[in-house]
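Subject: Structure for your review

Dear colleague,

Please find below the structure that I am handing over to you. I would be grateful if you would read the notes after it with the structure open beside you.

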Amino acid sequence: AWLMAGMASAFPAFLFNSLVAPELIPFEPDHWAFEFSLLAVGAPLCEEIFKAMAVALFLPYIKGPKHGFQVGFTVGLGFALIENFQYIGISLLGGPFAASFTILVRGIGSIPGHAVWTAVAGTAIGWMATDRELKARLSWKAKSVAISAMDIAETAAIAKTHSNQPTHCRHE
């Protein structure tokens, strides 16, 4: 579950990096500082936020800082797995040299980097987990949000089911 949460956190991070972060950069897109700001500030910041959110999903089950470290490390590995598939897949278009270079660079930097930085966030979340009152409040809120999300999904599924029925059955 931890690995899958990390993998899932890559999708909103990708959307944020692609759609929102470029709009927040104060430079023109053709200026060198735009790309630098996006790569050095925008992408890492939003990736760490989404990975920390994935770790926070497990707050009700995290026992302390060591356990938070384990959860964060594994979430970070899941994130790196999906991100590396994306980069390596794109690099295959550049031929064997480009693919080999990308695999080497991503293997050295991305995998340990994502795991370690998310483990740091997991450790902090693990410290939060030792505060029983805070953990109880956050667990209650998380369950409330989960119930609301399930209600929305159920309502959408019911509406879809009814919209697929023949027109003469819609009065029921």
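The notes below go from the overall fold to individual residues.

Please keep in mind that this is a predicted model.

Overall fold

The protein contains five helices and zero strands, and from the N terminus on its elements follow the order α-α-α-α-α. Its radius of gyration is 21 Å, whereas the globule rule gives 16 Å for 172 residues, so the protein is more spread out than a compact globule. The C-alpha trace spans about 60 × 50 × 35 Å along the principal axes. Of the 172 residues, 31% count as buried. The accessible surface comes to about 11400 Å², and carbon and sulfur atoms account for 73% of that area. Among contacts with a separation of 6 or more, 72% are between residues 24 or more positions apart.

In soluble globular proteins, nonpolar side chains tend to be buried together. Here, the largest nonpolar core has 10 residues, namely Ala5, Ala54, Val55, Phe58, Leu59, Ile62, Val71, Val75, Ile125 and Ala129. At least two residues of this core come from each of helix H2 (32-56), helix H3 (65-91) and helix H4 (96-129). A second, separate core consists of five residues, including Ala13, Cys46, Phe50 and Phe79. Val75, a member of the largest core, is in contact with Trp2, Gly6, Lys51, Ala54, Val55 and Thr118, if its neighbours within four places in sequence are left aside.

Is Ala119 buried or exposed? Ala119, found in helix H4, is buried, because its relative accessible area is 0% and the cut-off for a buried residue is under 20%. Not counting residues up to four places away in sequence, Ala119 touches Phe69, Gly72 and Phe73. Ala119 and Phe69 are 50 residues apart in sequence, yet their C-alpha atoms are 4.6 Å apart in space.

Thr102 also has its place in helix H4. With a relative accessible area of 16%, Thr102 is buried. Leaving aside its neighbours within four places in sequence, Thr102 is in contact with Tyr87, Ile88 and Ser91.

Salt bridges

Side chains of opposite charge can pair when their charged atoms come close. How many salt bridges are counted in this model? The count comes to two.

One joins the side chains of Glu48 and Lys51, at 2.9 Å from N to O. These residues are three apart in helix H2, which means that about one helical turn separates them. Glu48 is partly exposed, with a relative accessible area of 26%, whereas Lys51 is buried, at 0%.

Arg106 forms a salt bridge with Glu83, and their closest N and O atoms are 2.4 Å apart. This pair links distant parts of the chain, as Arg106 lies in helix H4 and Glu83 in helix H3, 23 residues apart. Both Arg106 and Glu83 are buried.

A nonpolar patch on the surface

Finally, please look at the surface. Phe11, Phe14, Leu15, Leu19, Val20 and Leu24 form a nonpolar patch there, and together they have about 590 Å² of accessible area. Leu24 belongs to helix H1 (residues 2-24). Leu24 is exposed, because its relative accessible area of 61% lies over the cut-off of 50%.

Yours sincerely

Conventions: Residues are numbered from 1 along each chain as its sequence is written. This is a predicted model: local features need pLDDT of at least 70, side-chain atom pairs count only at pLDDT 80 or more; totals for chains, interfaces and linings use all residues. Side-chain values use heavy atoms; hydrogens and water are left out. Patches are made of residues with over 30% relative accessible area and no salt bridge: like charges are joined within 9 Å, nonpolar side chains (Val, Leu, Ile, Met, Phe, Trp, Tyr) within 5 Å. Accessible areas come from the Shrake-Rupley method with a 1.4 Å probe; for residues, only the protein chains shown count as cover. A salt bridge is a side-chain nitrogen of Lys or Arg within 4 Å of a carboxyl oxygen of Asp or Glu. Helices (H or I, at least four residues) and strands (E, at least two) are DSSP runs, numbered from the N terminus. Buried means under 20% relative accessible area, exposed over 50%, partly exposed in between (1.4 Å probe, protein chains only). A nonpolar core is a set of buried Ala, Val, Leu, Ile, Met, Phe, Trp, Tyr and Cys residues joined through side-chain atoms within 4.5 Å. Contact means heavy atoms within 4.5 Å. The radius of gyration is taken over C-alpha atoms; the globule rule is 2.2 Å times the number of residues to the power 0.38.
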